[in-house]
Amino acid sequence: MRVLIDSGSGSGHKIEVRPEDLAPSELDDGRGSTAIYDLSVYYCRG
């Protein structure tokens, strides 16, 4: 799944993520036609 990542500066960019790495954000009030999610990031050596 492709999602738009917005860090607050610039226009953001799209990346590929697994749906299971997304969780609904506490910042989302549920009233809009889009949603805000938190992305879990895992770091590994390799």
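By class, nine nonpolar, no polar and two charged residues make up the lining of the largest pocket. Here Ala, Val, Leu, Ile, Met, Phe, Trp, Tyr, Cys and Pro count as nonpolar, Asp, Glu, Lys and Arg as charged, and the others, Gly among them, as polar. The model is predicted: local features need pLDDT of at least 70, side-chain atom pairs count only at pLDDT 80 or more, and totals for chains, interfaces and linings use all residues. Residues are numbered from 1 along each chain as its sequence is written, and side-chain values use heavy atoms, with hydrogens and water left out.

The lining includes Asp6, Val17, Leu22 and Asp38. At least two lining residues come from each of strand S1 (2–5) and strand S4 (37–39); strands are DSSP runs (E, at least two residues), numbered from the N terminus.

Ser25 sits in the loop between strand S3 (22–24) and S4, while His13 belongs to strand S2 (residues 13–16). The table gives their relative accessibility; buried means under 20% relative accessible area, exposed over 50%, and partly exposed in between (1.4 Å probe, protein chains only).

| Residue | Relative accessibility | Class |
|---|---|---|
| Ser25 | 8% | buried |
| His13 | 48% | partly exposed |

Not counting residues up to four places away in sequence, Ser25 touches Ile36, Tyr37 and Asp38, where contact means heavy atoms within 4.5 Å. With the same exclusion, His13 touches Val3, Leu4 and Ile5. The C-alpha atoms of His13 and Arg2 are 9.9 Å apart, with the two residues eleven residues apart along the chain.

Technical notes. 1 Å grid on protein atoms, 1.4 Å probe; cavity = no way out; pocket = protein on both sides within 12 Å on 5 of 7 lines; lining within 4 Å. Helix = DSSP H or I, 4+ residues; strand = E, 2+ residues; numbered from the N terminus.
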